Amino acid sequence: MGLVYPLRDEPITMGKSETADIVLTDGAVSKEHLELTLVGSAVRLRDLQSTNGTYVGTTQLIESVVPAGSVITVGRTRIHLRTDEAPMMITPSEENRFGDLWGESLAMRQVFAILSRVSDTEISVLLDGETGTGKELAARAIHEHSGRSSGPLVVLDCGAVAPELVESQMFGHKRGAFTGAMQDRAGVFESAHGGTLFLDELDSLPLDLQPKLLRVVENREVTRLGEVNTRPVDVRLVAACGRSPEEAVKRGALRRDLYFRLAVVRITLPALRDRLDDLPLLVQVLLERIGGDGIKVVEGEGFDHLRQHPWMGNIRELRNVLERALLLAPPNAQRFDELNLRLSPLLAGTEPRKGTVLTQGMLQLPYKEAKDAAVIAFEREYLRAALARNGANLSKTSRDVGLTRHHLRKLLRRHRLIASPKTGSQEG
């Protein structure tokens with residue numbers, strides 16, 4: 001089977017050495033086998049004095065320019081050369097959602113069509129887009145629409161794991177491999193066996209681990225820390241970077257060979273400000289999910305403010321704004337234009353640090369209002385997690401969190417986490 005890598009307008013090297021831009025595991029390939037340079041719509045090939053040569057068909061090349069679309073052979077590997085000048089034409093989807101991604105704009109329907117096309121393949125996918133555009137949702141949608149949907153979806157945020165622990169998280173470890181390794185542990189590759197692995201914030205992965213990751217991606221086998229034997233893994237790879245992948249490569253945060261290996265298909269999720277026609281649909285969907293399903297979404301002055309906002313935090317910022325507006329809405333609010341959105345361009349895109357209950361909307365409030373909103377948000381999330389942890393059983397949850405059953409029930413009803421007496425209760 002041929003390997004397909006997207007070419008760029010700068011020289012790249014291909015070979016068996018880990019210092020090559022594109023690393024091949026073929027034993028018949030030299031360490032530094034070939035150099036490729038994009039020249040207009042063609043590709044210049046220069047054989048780097050390889051042992052077994054570079055061929056197009058039966059013709060051995062030393063240095064030559066070949067048209068894009070050519071298939072070359074190095075060692076026992078066939079490679080299809082293409083450029084990005086002629087983007088693949090795919091008819092936009094007629095649906096307004098794919099998984100938990102929503103949109104009626106042409107940009108989003110084109111994304112849905114591409115996601116649908118790649119989901120049922122084994123191709124590695126690199127998701128691109130600003131923070132808050134829904135890259136994890138896209139990864140979940142790819143998994144759910146694939147032949148691996150019955151298998152696990154495992155997510156690893158490479159930027160959220162301490163550098164000294166990320167290798168263990170990724171590849172697993174043997175008991176005693178390092179201080180604190182009290183038992184054998186599988187890494188995310190093993191945990192995702194038979195399913196999909198989403199590696200987020202890939203450019204946060206320490207550089208010294210990236211060659212090891214590349215070998216796992218190429219060979220589909222892992223070696224736990226402290227072990228010498230390998231374990232086969234069957235996973236579909238989806239990855240994303242915190243910033244532009246090209247910028248990550250240029251600043252040295254992401255190895256070029258790893259980028260090329262994962263970017264077999266690259267999908268860019270558009271920023272919210274580039275698809276403002278989707279706002280009515282997004283507002284309706286988000287309100288339903290955060291408890292505002294009784295609010296009638298009608299365009300008016302409120303939507304005019306939304307369309308003028310820069311949305312540097314994208315969908316995540318929109319959700320935060322709506323959560324804050326709903327928390328502080330009048331008790332009997334029924335229309336969207338009754339919500340106080342309090343949008344501030346000066347704070348656009350300002351996001352709280354991970355692990356806090358603050359939202360972007362709360363950061364725009366006076367101190368007392370922000371504190372009250374944060375307490376409400378904390379109670380809701382804390383109680384939701386406690387209830388789920390105890391199987392929705394009130395007695396167990398009461399003992400777990402140290403509250404009386406009466407007080408706990410009162411809080412759960414306040415946050416609409418259990419039914420009120422009028423509608424019936426499913427308390428345990």
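Which residue takes a positive phi in the hairpin of β4 and β5? The first view below gives the answer, and every view comes from a predicted model.

**View 1. A hairpin joins β4 to β5.**
Gly-40 is the residue in question, with a positive phi near 60 degrees. Two residues sit between the strands of this hairpin. Strand β4 covers residues 34-39, and strand β5 covers residues 42-47. The two run antiparallel and are joined by six bridges. Val-39 stands opposite Ala-42 of β5. Strand β4 has another partner, β2 (residues 12-15). This pairing is also antiparallel, over three bridges. Here Thr-13 stands opposite Glu-35 of β4.

**View 2. Five strands form an open sheet with parallel pairing.**
The strand order is β14-β17-β20-β13-β21. At the edges lie β14 (153-157) and β21 (265-268), each pairing on one side only. From one strand to the next, the twist averages 20 degrees. Look inside the sheet at β17 (residues 196-200) and β20 (residues 236-240). They pair in the parallel sense over four bridges. In this pair, Phe-198 stands opposite Val-238 of β20.

**View 3. Helix α2 packs on the five-stranded sheet.**
Helix α2 spans residues 135-144. The strands it touches are β13 (125-128), β14, β17 and β20. The direction of α2 makes about 150 degrees with that of β13.

**View 4. Two residues other than glycine have a positive phi.**
Most residues other than glycine have a negative phi. Trp-311 has a positive one, near 50 degrees. Find Trp-311 in the loop between α9 (301-308) and α10 (314-327). Is Trp-311 buried or exposed? Its relative accessibility is 0%, so Trp-311 counts as buried. Asn-314 lies in helix α10. Asn-314 also counts as buried, because its relative accessibility is 0%.

**View 5. Helix α12 has buried residues along one face.**
Helix α12 runs over residues 394-401. Its buried residues are Leu-394, Thr-397, Ser-398 and Val-401. Thr-397 counts as buried because its relative accessibility is 1%. Beyond residues up to four places away in sequence, Thr-397 touches Ala-386, Leu-387, Asn-390 and Leu-408. After α12 comes Gly-402, with a positive phi near 75 degrees.

**View 6. Cys-158 and Cys-241 are not joined by a disulfide.**
A disulfide is a covalent bond between the sulfur atoms of two cysteines. How many disulfides does a search of the whole structure find? The count is zero. For Cys-158, the closest cysteine sulfur is in Cys-241, 9.3 Å away. That is too far for a bond, because the sulfur atoms of a disulfide must lie within 2.5 Å. Cys-241 is likewise in no disulfide. Both cysteines are buried: Cys-158 has a relative accessible area of 3%, and Cys-241 has one of 2%.

**View 7. The largest nonpolar core has 51 residues.**
In soluble globular proteins, nonpolar side chains tend to be buried together. The residues with the most contacts inside this core are Leu-45, Met-170, Phe-189, Leu-199, Leu-202 and Leu-213. Zoom in on Leu-45. Leaving aside neighbours within four places in sequence, its contacts include Leu-34, Leu-36, Leu-61, Ile-62, Val-66, Ile-72 and Leu-81. Leu-45 is also in contact with Glu-35, Glu-63 and Ser-64. A second, separate core has 25 residues. Phe-303, Val-321, Ala-325 and Leu-341 are among them.

**View 8. The protein chain has 13 helices and 21 strands.**
Step back to the chain that holds these close-ups. It has 428 residues, and 46% of them count as buried. Now take contacts between residues at least 6 apart in sequence. Of these, 59% join residues at least 24 apart.

How values were computed. Residues are numbered from 1 along each chain as its sequence is written. This is a predicted model: local features need pLDDT of at least 70, side-chain atom pairs count only at pLDDT 80 or more; totals for chains, interfaces and linings use all residues. Side-chain values use heavy atoms; hydrogens and water are left out. Two strands pair if DSSP finds at least two bridges between them. Axes are lines fitted to C-alpha atoms, for helices over the stretch in contact, and angles run from 0 to 180 degrees between N-to-C directions. Contact means heavy atoms within 4.5 Å. Buried means under 20% relative accessible area, exposed over 50%, partly exposed in between (1.4 Å probe, protein chains only). The arc is that of the directions from the helix axis to the C-beta atoms. A nonpolar core is a set of buried Ala, Val, Leu, Ile, Met, Phe, Trp, Tyr and Cys residues joined through side-chain atoms within 4.5 Å.
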